[in-house]
Amino acid sequence: MRSSLSVDKTPSRSGLDIAKIREDFPNLGKSMRGKPFVYLDNGATSLKPRQVIESEIRYYEEYCANIHRGVYEFSEIATEEYDSVRSKVARFIGAPEDGHVIFTRGTTESVNVVMHGWGRKNVGEGDVILISEIEHHANYVTWQQLAQEKGARLEFIPARPDGSFDLSGLDALFEMPVKIVAVTAMSNVTGYKPDIKTIIDTAHRHDVPVLVDAAQYASHHTVNVAELDCDFLCFSGHKMCGPTGIGVLYGHERMLADMDPYMYGGDMVVRVKRDTSTFKPLPERFEAGTPNIAGVIGLGAAVEYLQGIGMDAIAEHEAHLIEYTLSRAAEFPDLVSYGPADHSTRGGIFSFNLGDVHSHDVGSILDQEGVAVRTGFHCAQPIMRLFGVPGTVRASMYLYNDTDDIDMLFEGLDKVRGIFNR
Amino acid sequence: MSYEEDLYKEIILENYRSKKNKGAIDGADFHAEGANPSCGDDLELFLTVKAGVIERMTYEGIGCSICCAGANLLCESLTGRSFDRAREIVAQFKGMLLEEQEPDFEDEISDLEAMQGVKKYPVRIKCALLAWNTVEGILNNAE
């Protein structure tokens, strides 16, 4: 799992001007525990550029009003801004219609909207829900609970010991009564990117829909739902330079048409009679109540920001960083890293353990050195069982990270060794 | 004091590495489990009691250095104590980390004071206290 490649320290391949990008992120100029702040916890949430922060401030300071309700100018502006973000997001993910984009609180809610609205209606006793052992709890527990409720069962796309998929027997899995496949496009623990297209095409040959958890993938890669032909795609704003509390559910029209709303209330109804109501068409039918207007506006600014830089350039930059990281890791014989050795199947996530030191201790010492990483099981206990460890240290990268950040991580690891080997 | 002195001082690392009180006891009189879901710490405690006194106490499980050091210190300091005295020691230890109480442990268990520095690191307090909170379940439910 270790690389012996020698990599040029200058991340020039992607052509990104990292120093200039870093100026957009006010957090990056701060210090933590008295040390220059090194942020390597992007898998948990990304930092926010000034452009996103300012877009939210502008809404609150200049045209704060509810949407789809007021007859006055500021409500009109807020409504226009809100609706324009739906178009921006639709273009960002290649959705054919704005109405196929539903705003949620985040990936977790997106998966739950599908589980409640489509799953409860379509999954029954004896049916199979096909997921994997590398899923985040959001795309695992949700389906596990539906299976329990309906007397259905979970089955798993086979995973190898390194957390990658063995798709050789994929077709045969559909001899079982599979009702839906729910799978990640990028593991939040290893950065592994499964061959989603093959999974979708195979499922569709058997008339089975596929939900893609793109919480990690969408913030770092170009996504095109039309080319992928997925049935649902879920992601969060806060992992892609946007605000917390806003996420997206993309649904194919045929799936959304077959879904019940998961929440009822204002802004989603056309007419309410004494005993019955009629609901608005897509997408408002799925957005009851006053939405997170500022969050949506911030998400729009984040999408514009990322598009201005270029998703392909971001992915390439991170591919360089993970390659550099794995080459540095090879200098540490007591470091075990998790995930496939093949860089080309991985995004910018580096999960590891150092000797027998508990991940929490590693994270605590790195914190004191100004380096922010995640430790523990990363809301993904099934993959920890696969690796046979209680937790890992995870360094996850984004567009503003550079090789200096990675060097700081490894300097911190030297410190960990110094403390635990004395 | 630096974090190395607060969190990773020699006494804490020694207790973390000590195997003396590690492992399950077959046929233990008391057993309890505790976990910190957010960090993956997961411990089990085993106690044997003779004539109202804790004769042997061990722990087993997975935890960071602070969690395991806390568990080992707990076993060391409660062995040979009555439940009443054990409750007092637990209360004093928790008081040291959760309140403003200055520790005043008897010489034999004064190593417990080594954990006082953890107080400066709020996220680690729950690590230090996992075994101590877990044993309370046994002590408070026993006659």
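Because the model is predicted, local features need pLDDT of at least 70 and side-chain atom pairs count only at pLDDT 80 or more, while totals for chains, interfaces and linings use all residues. Residues are numbered from 1 along each chain as its sequence is written, and chains are lettered from A and ligands numbered from 1 in the order in which they are written.

We may begin with the domains. Chain A is assigned domain 1 (18–46 + 310–416) and domain 2 (53–308), with bounds that come from an automatic or database domain assignment. Taken over C-alpha atoms, the centres of these two domains of chain A are separated by 27 Å. Across their boundary, 26 residues of domain 1 are in contact with 28 residues of domain 2, where contact requires C-beta atoms, placed from the backbone, to lie within 7 Å. On the domain 1 side, the elements that give two or more residues are helix H11 (311–329), strand S14 (349–354), helix H13 (381–387) and strand S17 (392–396) of chain A. Helices (H or I, at least four residues) and strands (E, at least two) are DSSP runs, numbered from the N terminus. H11(A) gives the most to this side, with 6 residues. The residues of this side divide into 12 nonpolar, 10 polar and 4 charged; here Ala, Val, Leu, Ile, Met, Phe, Trp, Tyr, Cys and Pro count as nonpolar, Asp, Glu, Lys and Arg as charged, and the others, Gly among them, as polar.

Turning to the two chains, 11 residues of chain A are in contact with 13 residues of chain B. Helix H12 (359–368) and strand S16 (374–376) are the elements of chain A that give two or more residues to its side, and H12(A) gives the most, with 4 residues. This side of chain A divides into 3 nonpolar, 7 polar and 1 charged residues.

Within chain A, Ile57(A) sits in helix H2 (residues 50–62). Ile57(A) is exposed, because 12 other C-beta atoms lie within 10 Å (exposed means 12 or fewer, buried 20 or more, and partly exposed in between, with C-beta atoms placed from the backbone). Ile57(A) and Gly298(A) are 241 residues apart in sequence and 9.2 Å apart in space, C-alpha to C-alpha.

In chain B, helix H5 (residues 122–141) has a kink of about 50° centred on Leu129(B), the bend being the angle between axes fitted to the seven residues ending there and the seven starting there. The buried residues of H5(B) include Leu129(B), Leu130(B) and Trp132(B).
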